[in-house]
Structures are given as structure tokens and as C-alpha cells.
Amino acid sequence: MYAREFQQRLQSELLRAVLLYGEDDYLIEKYLTLYKERLDAAESMMTLYHDEYDFERAKGYLSQSSLFGGSNLLLIRREKKLPKKELDTLIALTQKNPDNYLLFAFAGEARDAKAMQSSFSEKKGGVWVRFFQPNPREGVALLREEAAKLGLEIDDYALHHLFAMLNGNLALCAKEMEKLSILRRPIDSKEIDRLVYSTAPLAVEQLLADLFAKKPITETIAKLLELGEDEFSILRSTQFFVQQIFLFQAYIKIHGQPDSRQILGYKLPRHIEEQKASIALKVRSSALLKIYEHLLKSELELKKSKTESREALLYGAMIRLQSLL
């Protein structure tokens, strides 16, 4: 089932067993919030994250009457699929009690989600929904709704600009809009350029991955400059990337494994998450500190330099950064 059909179904009823997965974390979180609010279950619900999942505990929760006289909402968040027998049992429990609801926010591979779809068939009382990254028209429409909730005065051109700047990541757009709403003034594209920290476009992301892998980077830099990226945007993206690597490194040291949702506040695609974790494990903390100091110094030099000398300074800054790894 696609998101639009799911939205239409929810207008008439809350489906009691739902598998949500796909590329759009924003919409998944939107519907999880909708369930919590409609069922008034924020305090009484049970949430099982990743390895916290325990079948007997989940089964016990759905087998009892609500302690608060309301609904039993069970939310499971994990990247690994569940055994079919366990899923079938939990879904069956939602059908035995009209106050029981099961939401499975699955963040793993699409092929694993497809393997669980049979358990969430409508015949068994369930439904599965796959969310795709929205196109610009769909994305701006969703951001317009978000702006209305926040009381943020922003036109469609600025919303398009924000959507493009953050590579269509609605979760990031929503977070930035929440920050912008604090200003309590109309926001245009110039304000977004000034206040929103752009995520690196794909080409810049590849540049930074090559940079930390000590691969040749001069051709990629030249290509980016030809495409219209300026020296400051490339340097800012590099600073942002280094900050993320530091956060990944700190989180892994404490928890033993990466979780981009906990680290950054949104879920990265698996291959990008693994790539950043790999870099974080390879780079020494002392090297990251030297790199960050170098980037701050390079930014100051760029700001003081003449326009015609900035390209050469950028090349020098990147080559020097690579030597610090």
C-alpha cells in the first residue's frame, strides 16, 4: 500500500496492525505521532527499540486490558525482521481486542520488509505501507502543512529552496523550519541561505568520502566548482561532515555500534551510515581535532582572500587536510 491510500484509510478508521517502512522517515514519524495523539497513548503505550524487543513481553502487553482503561499501543522500532510466528501471534492479538494496536517502524532492508508483508495482509487484519522519498511538489505540500502548524510565514519559493538545499530530506526540513519559527518573522530564500546549514549534495558527499579514504580529489573539486558550488559551500560541507564523523566516533565508543537516528536525529541510508561509521573507526580523535582546527583556519583565510585566489586556497586546504589523516 502507498502513503496516499493509507492516508485515505485513516480518515475513516485506525488500522490496528501496521508495518511502516521505506525511504521517508518524516512520513513514518508523522503517522506514528497521529496514532499516539488519536489514541491518547503517549503515556500508556509500550515502545520496544531494536534489541529491547522481547516477544514474551510484547505478547504479554497485548494480552492484558489497558491499565488506564484506554488503548494498548505497541510500537516496535528495529532494523531486523521478526520471526513470522511471532508477528502472526502479535497481529492476531490486535484482532482479539479492539483496543489493541501494533505499529512496526521497520528501518532495515526493503527485502526483509517484503518478507514480512504476508503477516501484515488485510486477511489477517494488518496492512503494510511503503514510503518513498517525495518529489518536490509533494515535499513542498507537506512542508506547507508543517509551516501552518508552526505558524511560520514562508512562501512556496522559499520552501522549494529549503527542500532542494537539504536534498529532499523532510525530517531535516521540518527541524530547520522549527528553528526558523522561533524568529517570528517572514522567512525568504535569502534567510534560508544565511541560517540553514546545507547538507552536502551527493557530489560533495563523494568528495568527502574520497578525501577520508585518501583517494585523489582534485578532479572532483574541479567538477564541483564547474557545477556552481563555491569554495565556501564546499568548506562548510566539509566542516559539517567532520562534525558528523566526530559524533559517530563518540557514539560508537559509548554504545559499541552506530545508530544515525540517535546520533543525528534522522535515519541515514544504510550504506551512508556504514560509510561514516567506518571512517569514524579509522580516524584518530586527535586527528579530528587537528582537522577541525585546520578547517576553521582555512575558512578565515578564505574570507580574507580575494575572489581570484580562493580556488587555489581551497585546493591547498583539502590537500593539507588529507595529510592530517
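Colleague: Why is Gln 244 called buried?

Modeller: Gln 244 has a relative accessible area of 6%, and buried means under 20%, exposed over 50% and partly exposed in between, with a 1.4 Å probe and protein chains only; Gln 244 is therefore buried. This is a predicted model, in which local features need pLDDT of at least 70 and side-chain atom pairs count only at pLDDT 80 or more, whereas totals for chains, interfaces and linings use all residues. Residues are numbered from 1 along each chain as its sequence is written, and side-chain values use heavy atoms, with hydrogens and water left out.

Colleague: What joins the side chains of Gln 244 and Lys 276?

Modeller: A polar contact of 3.0 Å joins them. The term covers a pair of N or O atoms within 3.5 Å; within protein, one must be able to donate a hydrogen and the other to accept it, and residues adjacent in sequence count only if both atoms are side-chain atoms. Apart from neighbours within four places in sequence, Gln 244 is in contact (heavy atoms within 4.5 Å) with Leu 264, Tyr 266 and Lys 276.

Colleague: Why is the pair of Tyr 35 and Tyr 101 called edge-to-face?

Modeller: Rings of Phe, Tyr and Trp (its six-membered ring) pair if their centres lie within 6.5 Å; planes under 30 degrees apart count as stacked, over 60 as edge-to-face and the rest as tilted. The ring centres of Tyr 35 and Tyr 101 are 6.3 Å apart and the planes stand at 70°, so the pair is edge-to-face. Tyr 35 belongs to helix α2 and Tyr 101 to strand β4, so the pair ties together parts that are 66 residues apart in sequence. Helices (H or I, at least four residues) and strands (E, at least two) are DSSP runs, numbered from the N terminus. Both Tyr 35 and Tyr 101 are buried.

Colleague: What makes the pair of Phe 212 and Phe 241 tilted?

Modeller: The angle between their planes is 45°, with 5.4 Å centre to centre. Phe 212 lies in helix α10 (residues 202-212) and Phe 241 in helix α12 (residues 231-255), so this pair ties together parts 29 residues apart in sequence. Phe 212 and Phe 241 are both buried.

Colleague: How do you know that β1 and β4 pair?

Modeller: Two strands pair if DSSP finds at least two bridges between them. Strand β1 (residues 17-22) and strand β4 (residues 100-106) pair in the parallel sense over 4 bridges. Ala 17 has Leu 102 in β4 as its bridge partner. The open sheet has 5 strands in the order β2-β3-β4-β1-β5, with parallel pairing.
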